[in-house]
Amino acid sequence: MTRLSDQEKNEFREDALSESRRADFKRLSEQTPRLTPTEHIEFLTWASGLSKEDPRSRKRPVERIMLL
């Protein structure tokens, strides 16, 4: 993982404290339509059809290597 420089950290802090940025995000979230659980599942089902990969061709995960 890449570490942030002090300048980048300060930019994030300034951005988090910005009232105009908060107002922008609030306005955007109010304009965004909410999906019902059914609509969400329908979208995920549709999006899964975009993958051309055959799931059977994937290698099975090796649990002893997986880091959680």
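Analyst: Start with the overall count. The chain has three helices and zero strands. Along the sequence, the pattern reads α-α-α. Keep in mind that this is a predicted model.

The part to look at closely is helix α3. This helix covers residues 37–48. It has twelve residues. From its first C-alpha to its last, α3 reaches 16 Å. That is close to the 16 Å expected at 1.5 Å a residue.

Is α3 buried or in the open? The number of buried residues among its twelve is zero, so α3 lies largely in the open.

F43 has a relative accessibility of 43%, so it counts as partly exposed. The cut-offs make this clear: buried means under 20%, exposed means over 50%, and partly exposed lies in between.

F43 also belongs to a group. Together with L35, I41, L44, W46 and L50, F43 forms a nonpolar patch on the surface. The accessible area of this patch is about 650 Å² together. An α-helix has 3.6 residues a turn, so residues three or four places apart point the same way.

Now step back to the whole chain. Its accessible surface comes to about 7500 Å². Carbon and sulfur atoms hold 56% of that surface. Of the 68 residues, 1% count as buried. The radius of gyration of the chain is 20 Å, whereas a compact globule of 68 residues would have one near 11 Å. Along the principal axes, the C-alpha atoms fill a box of roughly 50 × 35 × 20 Å.

Past the helix, look at K59. This residue lies in the segment after α3. K59 is exposed because its relative accessible area is 80%.

S18 is found in the loop between α1 (6–17) and α2 (19–31). Its relative accessibility is 19%, so S18 counts as buried. The side chain of S18 also makes a polar contact with the side chain of S20, at 3.1 Å.

Definitions and conventions
Residues numbered from 1 in each chain as written. Predicted model: local features only at pLDDT ≥ 70, side-chain atom pairs only at ≥ 80, totals over all residues. Heavy atoms only, no water. Helix = DSSP H or I, 4+ residues; strand = E, 2+ residues; numbered from the N terminus. Buried < 20%, exposed > 50% of the residue type's maximum accessible area, 1.4 Å probe, protein only. Polar contact = N/O pair within 3.5 Å; in protein donor to acceptor, adjacent residues only side chain to side chain. Patch = residues over 30% accessible without salt bridge, like charges linked within 9 Å, V, L, I, M, F, W, Y side chains within 5 Å. Areas by Shrake-Rupley, 256 points an atom, 1.4 Å probe, with all protein chains shown as cover. Salt bridge = Lys/Arg side-chain N within 4 Å of Asp/Glu carboxyl O. Rg over C-alpha atoms; globule rule 2.2 N^0.38 Å. Expected span 1.5 Å × (residues − 1).
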